[in-house]
Amino acid sequence: MEQNTPIIRDPQDTGPGPGPEIMAAATLDGNDVYNLANEKLGSIEDIMLDVPRGRIAYAVLSRGGILGMGDKLFAIPWSALTLDTQRKCFLLDVDEQKMKDAEGFDKDNWPRMADVAWATRTHEYYDQAPYW
């Protein structure tokens with residue numbers, strides 16, 4: 001199933017460079033993630049690739065903790081995010097309580113993201129159709 005990640009941008013912005021349609025993943029690391037109520041949910045820690053399919057599978061959202069210590073990590077389906085190039089952040093349509101209730105993990109205990117049962121649960125939690 002083909003899903004596109006929405007991009008919010010100034011249509012007049014035709015600046016140099018490859019973005020925002022094509023960007024280096026590292027460019028997006030550290031970008032903040034807000035919900036539609038403008039509450040900060042965390043920031044992008046990593047972008048995970050589904051290598052065999054040649055697709056982005058998940059963004060890893062980091063929240064909580066101090067200076068990277070004690071952060072809880074969350075796999076967010078890439079299709080659940082909207083890139084806002086004007087604000088230089090991502091938008092995720094979940095409220096604060098849903099993020100608090102989400103299944104997370106810590107940096108030393110990552111889930112097996114290639115596990116179809118885990119991936120299906122994760123996509124369902126964020127109301128996204130699986131990309132595979």
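User: Which residue in β7 is the bridge partner of Asp32?

Analyst: Cys89 is the bridge partner of Asp32. The model is predicted, so local features need pLDDT of at least 70 and side-chain atom pairs count only at pLDDT 80 or more, while totals for chains, interfaces and linings use all residues. Residues are numbered from 1 along each chain as its sequence is written, and side-chain values use heavy atoms, with hydrogens and water left out.

User: How many bridges does a strand pair need, and in which sense do β2 and β7 pair?

Analyst: Two strands pair if DSSP finds at least two bridges between them; a strand is a DSSP run of E, at least two residues, numbered from the N terminus. Strands β2 (residues 32-34) and β7 (residues 89-92) are parallel, with three bridges. Tyr34 has Leu91 as its bridge partner in β7.

User: Are the faces of β7 covered or uncovered?

Analyst: In a regular strand the side chains alternate between the two faces of the sheet. In β7, Cys89 and Leu91 are buried on one side, Phe90 and Leu92 on the other. Buried means under 20% relative accessible area, exposed over 50%, partly exposed in between (1.4 Å probe, protein chains only).

User: What is the strand order of the sheet?

Analyst: The open sheet of seven strands runs β1-β6-β7-β2-β3-β4-β5, with mixed pairing.

Methods: Helix = DSSP H or I, 4+ residues; strand = E, 2+ residues; numbered from the N terminus.
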